[in-house]
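Work through the exercises below with the structure in view. Each task is followed by a solution in steps.

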Amino acid sequence: MDTIASLFSFITTPVSWVIVQFHSVYGAIFGPDTGWAWGLSIVSLVILIRICLIPLFVKQIKSTRAMQTLQPEMKKIQERYKNDKQRQSEEMMKLYKETGTNPLSSCLPILAQSPFFFALYHVLNGIATGDTIGVINQSLLQSAQKAHIVGAPLAAKFTDSASKVEALGASLTDVRVVTAIMIVLMSASQFFTQRQLMTKNVDTTVKTPFMQQQKMLMYVFPVMFAVFGINFPVGVLVYWLTTNVWTMGQQMYVIHNNPTPGSKAQAAYLDRLTKHITQHDKVGRRRDRVIVKAIVAKGRDRNEFERKFINGLSKAGLVAQADGTVIKGDTAAVAQTEDGTPTTAAPKRQQPKRQSKSQRQHGGAAGAKAAGEHEPKTSLTKSDEPQDAKPAAAAQKGGAKPAGGTRSKAQSGQRKGPQRPKSPSKK
């Protein structure tokens with residue numbers, strides 16, 4: 001540990017100075033020798049460090065999103081070189097280099113915190129052994145040794161002996177109970193943070209090295225905290241528990257307001273955004289306008305949730321614009337193409353309802369009857385000839401009697417009207 005402490009000695013003095021400055025503020029409120037004063041000083045150190053790391057966290061989010069967009073290409077490489085692992089790794093590294101992405105970007109905040117972690121560990125270890133570190137002089141050292149957090153001294157560890165714990169003014173049982181609870185909370189918060197990322201903010205259906213890395217981190221980090229946590233002083237456990245809670249809250253905020261495209265979190269976000277827009281007929285927040293603008297600009301490249309969002313606005317009579325705003329439109333006359341451009345939609349052609357054979361026959365007969373009632377009667381014969389004279393003339397010529405005073409019906413298969421005489425057969 002002396003080697004590690006010497007490597008991070010350049011930051012030990014700044015860390016100890018920050019702790020002392022916060023201790024002077026909280027000591028005036030709670031008392032200089034209380035666990036509240038020293039514990040809140042460590043918590044404030046964590047908050048200050050994490051605020052300084054926000055730009056790095058934003059870079060981490062952008063790099064993670066870039067990795068998400070590369071997943072289809074990574075899957076193609078896996079399928080193409082599934083029997084050649086070396087060529088597969090080479091093509092993956094080539095893809096990372098061309099796109100400027102880094103698969104280890106998710107570890108950047110943890111790596112950036114490492115110097116502060118080891119410096120704080122060195123400071124607290126010096127308090128436990130009675131050594132002055134950085135700007136912590138002898139009076140501050142005695143004050144820190146008297147500080148207890150829920151009955152456990154600030155510099156006590158789970159593996160300390162009973163005599164060493166008694167020298168710090170506490171019992172071994174209190175120290176082990178407090179440290180065990182803090183280790184469990186620290187590991188659980190780390191696991192929940194990583195699991196939240198895997199289940200809500202990424203697409204787990206695509207099997208890529210990036211996804212395997214995230215799954216590995218979900219189980220490796222909690223185990224590491226549980227194994228190494230028994231060797232951490234109570235003050236360091238306060239540090240890591242605070243930074244895990246900060247990371248969890250920060251990630252929940254990002255997932256809720258700026259989810260990864262294609263994730264379950266994006267589906268929930270777009271559902272909330274659709275309800276808000278349809279209720280107020282406008283996009284309220286600037287952040288929401290940026291999201292809508294990006295969705296409209298995608299055109300045919302929209303995913304399932306984004307298409308559902310655009311269709312939901314159309315059903316409500318709203319049309320998303322290229323600048324991220326929405327305007328009212330007629331849902332019956334306005335439709336949207338795949339690229340989000342509003343166009344006039346022609347009315348859909350209605351297909352006639354299919355009728356049965358009996359309905360068609362009755363319908364045809366009724367139509368013919370109706371047509372016969374309304375249309376004037378036409379005939380190829382003379383219209384001034386009386387109707388009752390025709391059967392009489394036929395009877396006189398052929399010697400046949402008229403049937404009931406009406407015209408004789410045409411035989412089946414015989415065409416009505418004057419017939420052409422049959423030509424004599426050639427003998």
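**Exercise 1. Two helices in contact**

Which residues in α14 meet which residues in α15?

Solution. The model is a predicted one.
Step 1. Locate the helices: α14 covers residues 286-298 and α15 covers residues 304-315.
Step 2. List the contacts. On the α14 side they are V292, I295 and K298, and on the α15 side E306, F309 and I310.
Step 3. Sort these residues by class: 4 are nonpolar, none is polar and 2 are charged.
Step 4. Take the geometry. The two axes come within 11 Å and cross at roughly 105°. Angles of 65 to 115 degrees count as roughly perpendicular, and α14 and α15 are therefore roughly perpendicular to each other.

**Exercise 2. A second pair**

Describe how α10 and α12 are arranged, and what kinds of residues join them.

Solution.
Step 1. Helix α10 spans residues 172-200 and helix α12 spans residues 234-257; their axes come within 9 Å and cross at roughly 25°.
Step 2. Angles under 35 degrees count as roughly parallel, so α10 and α12 are roughly parallel to each other.
Step 3. The crossing of α10 past α12 is left-handed.
Step 4. By class, the contact between α10 and α12 has 14 nonpolar and 8 polar residues, with no charged ones. Among the α10 residues that take part are M182, L185, F192 and Q196. The α12 side includes W240, L241, N244 and M248.

**Exercise 3. Buried or exposed?**

Is S16 buried or exposed, and is A167 buried or exposed?

Solution.
Step 1. Place the residues. S16 is part of helix α2, residues 9-30, and A167 belongs to helix α9, residues 162-167.
Step 2. Apply the cut-offs: under 20% relative accessible area is buried and over 50% is exposed.
Step 3. S16 has a relative accessible area of 0%, so S16 is buried. A167 has a relative accessibility of 67% and therefore counts as exposed.
Step 4. Look at the surroundings. Leaving aside residues up to four places away in sequence, S16 touches V123, I133, G134, V135 and I136. A167 and A128 lie 39 residues apart in sequence, with a C-alpha to C-alpha distance of 9.8 Å.

**Exercise 4. Positive phi angles**

Where do V150 and D281 lie?

Solution.
Step 1. V150 is in the loop between β1 (148-149) and β2 (152-153), while D281 is in the loop between α13 (264-280) and α14.
Step 2. Check the backbone. V150 is not glycine, yet its phi is positive, near 55°. D281, also not a glycine, has a positive phi of about 60°.
Step 3. Check the accessibility. At 72%, V150 counts as exposed, and D281, at 32%, is partly exposed.

**Exercise 5. Record and model**

Which residues does UniProt list for "transmembrane region", and what does the model show over two of these stretches?

Solution.
Step 1. The unreviewed UniProt entry lists residues 7-29, 35-58 and 217-241.
Step 2. Residues 35-58 are 96% helix and 0% strand in the model, with end C-alpha atoms 34 Å apart.
Step 3. Residues 217-241 are 80% helix and 0% strand, and here the end C-alpha atoms are 17 Å apart.

**Exercise 6. The whole chain**

How many helices and strands does the protein chain have?

Solution.
Step 1. The chain has 17 helices and 6 strands.
Step 2. Of its 427 residues, 37% count as buried.
Step 3. Among contacts between residues at least 6 apart in sequence, 64% join residues at least 24 apart.

Note on methods
Residues numbered from 1 in each chain as written. Predicted model: local features only at pLDDT ≥ 70, side-chain atom pairs only at ≥ 80, totals over all residues. Heavy atoms only, no water. Helix = DSSP H or I, 4+ residues; strand = E, 2+ residues; numbered from the N terminus. Buried < 20%, exposed > 50% of the residue type's maximum accessible area, 1.4 Å probe, protein only. Axes fitted to C-alpha atoms, helices over the stretch in contact; angles between N-to-C directions. Parallel < 35°, antiparallel > 145°, perpendicular 65-115°, else oblique. Left-handed = near helix turned anticlockwise from the far one by under 90°. Contact = heavy atoms within 4.5 Å. Nonpolar A, V, L, I, M, F, W, Y, C, P; charged D, E, K, R; others polar. UniProt positions renumbered as here; feature names shortened; annotations may be inferred.
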